[in-house]
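Hi,

Here is the structure I promised to pass on.

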Amino acid sequence: MDYHFKCILCGTEYDPNDVRYVCPKHGDEGILDTIYDYKKIAAKTSPGKISASRDFSIWRYADLLPLDDAEKSAPPLQVGWTPLYHAKRLGEKIGLSNLYLKDDGRNPTASFKDRASAVVVAKARELGVEIITTASTGNAGAALAGLCAAAQMPAVIFVPETAPQAKIAQLLIFGSRVMLVKGNYDQAFDLCLAASKEFGWYCRNTGYNPYTVEGKKTASFEICEQLSLPLLSGGRAGDGGWRAPDRIFISVGDGNIISGLWKGLRDLAALGWIDQMPKLMGIQAEGSAACHNAWRAGTEMIEAVNAVTVADSISADIPRDGVRAVRAVRETGGAYLTVSDDEILAAIPELARSAAVFSEPAGATAYAGLKKAVAAGMVKSNETIVCLITGNGLKDVASAMKVAGEGTRIEPTLEAVRRVMG
Ligand SMILES: *Cc1c(COP(=O)(O)O)cnc(C)c1O
Ligand SMILES: [Zn+2]
């Protein structure tokens with residue numbers, strides 16, 4: 001194995017053969033970073049070599065992932081290499097000339113979480129475990145259920161019984177064992193953790209399993225590689241090979257996605273493949289803003305909140321990856337912003353009508369935050385901005401219908417159409 005773990009709190013290093021999840025000295029808060037030997041990676045691969053790959057999935061980055069033999073262990077489902085659109089019209093509306101949308105709703109189970117579940121399932125196959133489990137607000141579970149169906153492995157998923165119907169349908173249809181917890185995400189999380197310890201199931205829980213971040217970091221690889229492609233950059237690659245944006249806007253619940261993006265960027269910076277570190281902009285719902293609060297207070301001590309928001313995917317009382325999520329923003333010189341549920345909902349039709357991307361509330365949250373940052377003068381008009389759309393709108397049709405408007409009921413006659421149009 002060409003990597004090891006390092007506790008984010010005390011810096012103790014571990015061999016992945018000895019420690020599976022968190023730092024034994026810190027319990028569940030001792031999240032482990034995966035540390036690579038970058039010299040070895042640089043000897044094996046390069047931006048040019050990767051960009052010549054015909055594998056249009058996260059596995060084009062296999063040399064930067066913590067797997068022994070990705071070719072053998074990767075589940076057969078196409079994850080990643082989602083589109084990065086230059087959203088010219090949407091950008092013009094808010095005064096930005098270089099706004100890009102990364103549409104991660106285009107993953108196989110329609111959310112960003114597929115990136116994490118793909119790497120965790122691949123690792124589970126290498127470890128030879130039999131059953132995988134996770135707690136989820138819905139998307140992480142759907143992603144695990146889908147990837148487990150691809151790998152023909154059994155999964156046990158714990159979700160709040162209030163999760164959107166479409167997400168529960170996904171869990172059931174992929175054949176996982178679905179536990180509808182009479183409680184919130186945080187209670188589902190603790191129950192899943194206890195069950196995994198009791199029954200020996202391999203646990204994918206966010207902010208507990210070290211490999212979710214390693215899967216999620218592939219989004220930064222894609223952003224920097226895609227920005228350097230001729231179609232988007234006119235051939236303006238950076239000195240290192242790929243091109244990093246000035247800022248990335250990311251919605252934050254547990255803080256694992258923003259931590260993953262930061263990890264990917266740190267990998268690329270360590271390899272010298274990008275020549276600037278983007279500022280990471282974390283966007284939270286006003287009703288679920290624990291990371292924002294800690295960042296504002298200048299501390300890493302995350303205080304629990306009573307999370308309430310329409311954006312179910314970012315509703316978290318205790319962000320499980322909060323410390324890293326605060327560091328990601330602080331150390332890149334970014335900022336946290338909060339947005340109201342009304343602002344989140346209003347962002348859904350705006351994205352759809354100006355850029356043709358249909359997002360679930362948590363995905364549109366990043367764009368709602370971008371608008372706020374522009375209005376506050378935090379962003380210059382020519383900056384290269386990437387807004388990460390983390391989940392597809394069909395995941396939560398009930399929320400979309402609140403802001404979609406109404407169809408027109410008519411008699412089945414041309415006369416009726418004429419009357420309506422006139
Ligand atoms: C999980 C999720 C998020 C937030 O990710 P965290 O790691 O919890 O911060 C945002 N949007 C969508 C659609 C998600 O599923
Ligand atoms: Zn530790």
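A quick definition before the metal site: a donor here is an N, O or S atom within 2.8 Å of the metal, and water is not among the atoms, so a site may look incomplete. Please also keep in mind that this is a predicted model.

Now the zinc ion (ligand 2). Its protein donors are the SG atoms of Cys 7, Cys 10 and Cys 23 plus ND1 of His 26, and they lie 2.1 to 2.4 Å from the ion. Along the chain, these donors follow the spacing C-x2-C-x12-C-x2-H. What is the geometry of the site? It is tetrahedral, with angles of 104 to 115 degrees among the 4 donor atoms. For reference, the ideal angle for four tetrahedral donors is 109.5 degrees.

Next, the domains. The protein splits into domain 1, residues 1-36, and domain 2, which is made of 84-110 + 212-404. Taken over C-alpha atoms, their centres are 27 Å apart.

How do the two meet? On the domain 1 side 7 residues are in contact, and they touch 10 residues of domain 2. About 650 Å² is buried between domain 1 and domain 2, with carbon and sulfur atoms giving 46% of that area. There are 5 residue pairs in polar contact across this interface, counting pairs with both residues at pLDDT 80 or more. The side of domain 1 that touches domain 2 has 5 nonpolar, 1 polar and 1 charged residues.

The count of salt bridges between the two domains is 1. Arg 324 forms a salt bridge with Asp 33, and their closest N and O atoms are 2.7 Å apart.

Cheers

Methods:
Residues numbered from 1 in each chain as written. Chains lettered and ligands numbered in written order. Predicted model: local features only at pLDDT ≥ 70, side-chain atom pairs only at ≥ 80, totals over all residues. Heavy atoms only, no water. Domains from an automatic or database assignment. Contact = heavy atoms within 4.5 Å. Buried area = accessible area lost by both parts, 1.4 Å probe. Salt bridge = Lys/Arg side-chain N within 4 Å of Asp/Glu carboxyl O. Polar contact = N/O pair within 3.5 Å; in protein donor to acceptor, adjacent residues only side chain to side chain. Nonpolar A, V, L, I, M, F, W, Y, C, P; charged D, E, K, R; others polar. Donors = N, O, S within 2.8 Å, 3.2 Å for Na, K, Ca; no water. Tetrahedral: all angles 85-135°; square planar, octahedral: opposite > 155°, others 65-115°.
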